[in-house]
Amino acid sequence: MIVALDLDGCLFNLVDSCRRHLVSRGYPNPPLLPSTYNLTSLCPDRPDLGTSLLRQLHHGDFFATMEPFPEAVEAINRLAKHFTLAAVTSRHASVRPATSYSLAKHFPQIQSLYHAKDKVKVAKTIRPAFFIEDHAETALKLAQAKKQVILVTRYPFTIPPSHRRIATAHDMTAAVDMILSRIAIPDAELTTQPPTEVLDATPV
């Protein structure tokens with residue numbers, strides 16, 4: 001079975017990476033983003049920096065040097081024992097070399113990488129048993145396409161939509177626990193209490 005994984009916000013810390021990127025270039029110390037997909041909010045008093053940031057992210061080594069969430073590394077190690085892992089990202093294909101490099105460095109267990117604006121289309125092609133995502137709107141579209149989604153809500157501005165195919169987890173440790181408990185992996189491999197949500201792991 002396949003588990004599809006979003007990258008930014010699930011495996012890689014996009015928010016802190018963007019903030020460090022700006023600070024290292026002498027920009028004002030930016031606040032926490034209200035949305036991971038609204039990068040211009042990093043410096044609300046300097047919209048020109050926000051626009052510049054979008055260009056900077058796709059030129060240079062930004063995506064090659066992003067740091068993973070510490071708990072995500074161990075979580076992926078556990079998940080890879082039982083599933084084939086596929087990364088599905090909305091990053092532009094122009095940063096594929098940098099993305100491949102960072103995956104090989106931090107998550108060598110991930111066997112395939114897809115760059116796509118339409119993640120539903122990819123999900124229909126690879127037919128994952130679960131899709132781990134942190135963007136609420138994308139999660140809802142996947143659920144409406146009859147995909148079982150685990151929405152990572154580590155950022156306080158992620159508001160889970162209401163849908164029977166969407167379960168929530170605070171971070172990757174909780175997301176992996178949820179999946180492993182659903183497929184009856186021995187309790188010794190679980191780090192938290194099994195979730196109360198009933199997940200349908202049957203590919204459709």
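## A predicted chain and its enclosed helix

Of the 204 residues in the chain, 53% are buried. The model is predicted. Eight helices and six strands make up its elements. Starting at the N terminus, they follow the order β-α-α-α-α-β-α-β-α-β-α-β-β-α.

The chain exposes about 9700 Å². Carbon and sulfur atoms supply 54% of that area. Contacts can also be sorted by distance along the chain. Take those with a separation of 6 or more: 61% of them join residues 24 or more positions apart.

**Helix 8 and its cover**

How many of the eleven residues of helix 8 are buried? Eight are, so helix 8 is largely enclosed by the rest of the structure. The buried residues are Met-172, Thr-173, Ala-175, Val-176, Asp-177, Met-178, Ile-179 and Leu-180. Their cover includes strand 1 (2-5), helix 4, strand 4, strand 5 and strand 6 (166-169).

**Helix 4 against helix 8**

Two packed helices are described by the angle between their axes and the distance between the axes. Here helix 4 spans residues 70-80 and helix 8 spans residues 172-182. Their axes come within 8 Å and cross at roughly 15 degrees. Helix 4 is therefore roughly parallel to helix 8, because angles under 35 degrees count as roughly parallel. The crossing is left-handed.

Which residues of helix 4 make the contact? They are Glu-71, Ala-72, Ala-75, Ile-76, Arg-78 and Leu-79. Helix 8 contributes Met-172, Thr-173, Val-176, Asp-177, Ile-179 and Leu-180. By type, the residues of this contact are eight nonpolar, one polar and three charged.

An α-helix has 3.6 residues a turn, so residues three or four places apart point the same way. In helix 4, the contact residues include Ala-72, Ala-75 and Leu-79. In helix 8, they include Met-172, Val-176 and Ile-179.

Leu-11 sits in the loop between strand 1 and helix 1 (14-24). Is Leu-11 buried or exposed? Its relative accessible area is 0%, so Leu-11 is buried. Beyond its neighbours within four places in sequence, Leu-11 is in contact with Asp-6, Pro-68, Phe-69, Ala-72, Ile-76, Phe-107, Ile-110 and Met-172. Among these, Ala-72 and Ile-76 of helix 4 and Met-172 of helix 8 also belong to the helix contact.

Tyr-114 belongs to strand 3 (residues 112-115). A relative accessible area of 30% makes Tyr-114 partly exposed. Setting aside residues up to four places away in sequence, Tyr-114 touches Ala-86, Ala-87, Val-88, Thr-89, Val-122 and Ile-126.

The table gives one pair for each residue.

| Pair | Separation in sequence | C-alpha to C-alpha distance |
|---|---|---|
| Leu-11 and Pro-70 | 59 residues | 8.8 Å |
| Tyr-114 and Ala-86 | 28 residues | 7.6 Å |

**Two positive phi values**

Most residues other than glycine have a negative phi, and most peptide bonds are trans. Arg-127 has a positive phi, near 55 degrees. Arg-127 lies in the loop between helix 6 (119-126) and strand 4 (130-133). With 43% relative accessibility, Arg-127 counts as partly exposed.

Lys-146 also has a positive phi, near 70 degrees. Lys-146 is placed in the loop between helix 7 (136-144) and strand 5 (149-152). Its relative accessible area is 52%, so Lys-146 is exposed.

Key:
Residues are numbered from 1 along each chain as its sequence is written. This is a predicted model: local features need pLDDT of at least 70, side-chain atom pairs count only at pLDDT 80 or more; totals for chains, interfaces and linings use all residues. Side-chain values use heavy atoms; hydrogens and water are left out. Axes are lines fitted to C-alpha atoms, for helices over the stretch in contact, and angles run from 0 to 180 degrees between N-to-C directions. Helices (H or I, at least four residues) and strands (E, at least two) are DSSP runs, numbered from the N terminus. Angles under 35 degrees count as roughly parallel, over 145 as roughly antiparallel, 65 to 115 as roughly perpendicular and the rest as oblique. A crossing is left-handed if the near helix is turned anticlockwise from the far one by less than a right angle, and right-handed if clockwise. Contact means heavy atoms within 4.5 Å. Ala, Val, Leu, Ile, Met, Phe, Trp, Tyr, Cys and Pro count as nonpolar, Asp, Glu, Lys and Arg as charged, and the others, Gly among them, as polar. Buried means under 20% relative accessible area, exposed over 50%, partly exposed in between (1.4 Å probe, protein chains only). Accessible areas come from the Shrake-Rupley method with a 1.4 Å probe; for residues, only the protein chains shown count as cover.
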